[in-house]
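Colleague: Could we go through this model together, one spot at a time? I'll ask, and you tell me what was computed.

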Amino acid sequence: MDYMSIFAERLREYMSEHELNVSSLAKNINFSRATVSGLLNGAHTPSTEILIALIDYFNCSADYILGLVEYPRETEFNKVKPFSGILKKCLKDNGKSEYRLQQDLNISRSLTYRWLHDKAVPTIDSLVKLKNYFCCSVDYLLGRET
């Protein structure tokens, strides 16, 4: 089972726990009904912005809803922080350069520049690659845990 099908299943679980239908969830997170419906039926993968809206709304782990861990953590998460600061800290703490990151993960220089200057956020796939590369969680990369 790939993580996007697990994502749809877990999103349904959260919606059920909160007694939400597609329309009410869409309204609560400020996305269209079609977007939420598409996530539930696997028509498209969530953007990072939608993921952030969902994990903030449900106060749940990004790693859990994405299917990267088996069990949810019962904790209060911090609000999402700017990605550039977290990426810079990860690079420093792991003794990696921006160039090394680009080479190791086959990421373009322009993309890492945009990440490091808060001009873009990574896609879900990139967040998962970075999580594995830095041996941390997606929640950590989003600044939700220390």
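Modeller: Let me start with F77, which lies in the loop between α5 (62–65) and α6, where helices (H or I, at least four residues) and strands (E, at least two) are DSSP runs numbered from the N terminus. Please keep in mind that this is a predicted model, in which local features need pLDDT of at least 70 and side-chain atom pairs count only at pLDDT 80 or more, while totals for chains, interfaces and linings use all residues. Residues are numbered from 1 along each chain as its sequence is written, and side-chain values use heavy atoms, with hydrogens and water left out.

Colleague: Is F77 buried or exposed?

Modeller: F77 is buried, with a relative accessible area of 10%; buried means under 20% relative accessible area, exposed over 50%, and partly exposed in between, with a 1.4 Å probe and protein chains only.

Colleague: And what is F77 in contact with, leaving aside its neighbours within four places in sequence?

Modeller: With those neighbours left aside, F77 is in contact with N59, C60, S61, D139, R144 and E145, contact being heavy atoms within 4.5 Å. The C-alpha atoms of F77 and D56 are separated by 8.4 Å, and these two residues are 21 apart along the chain.

Colleague: Changing topic, where is T48?

Modeller: T48 is in helix α4 (residues 48–58), and T48 is buried, with a relative accessible area of 4%. A polar atom of the T48 side chain lies 2.4 Å from the backbone oxygen of P122. Apart from neighbours within four places in sequence, the contacts of T48 are V121, P122, T123, I124 and L127.

Colleague: How do α7 and α9 cross?

Modeller: Their axes come within 12 Å and cross at roughly 110°, the axes being lines fitted to C-alpha atoms, for helices over the stretch in contact, with angles that run from 0 to 180 degrees between N-to-C directions. α7 and α9 are therefore roughly perpendicular to each other; angles under 35 degrees count as roughly parallel, over 145 as roughly antiparallel, 65 to 115 as roughly perpendicular and the rest as oblique.

Colleague: Which residues meet there, in α7 and in α9?

Modeller: From α7, R100, L101, D104 and L105 meet K129, L130, Y133 and F134 of α9.

Colleague: What about α7 and α8, at what angle do their axes cross?

Modeller: The axes of α7 (residues 98–105) and α8 (residues 109–116) cross at roughly 130° and come within 10 Å, and the two helices are therefore oblique to each other. In this pair, E98, L101 and Q102 of α7 meet R109, T112, Y113 and L116 of α8.

Colleague: Last one: where does S97 lie, and how far is S97 from L20 in space?

Modeller: S97 lies in the loop between α6 (83–93) and α7, and S97 is partly exposed, with a relative accessible area of 36%. The S97 side chain reaches the backbone nitrogen of R100 at 2.9 Å. From C-alpha to C-alpha, S97 and L20 are 44 Å apart in space, and they are 77 residues apart in sequence.

Definitions and conventions. Polar contact = N/O pair within 3.5 Å; in protein donor to acceptor, adjacent residues only side chain to side chain.
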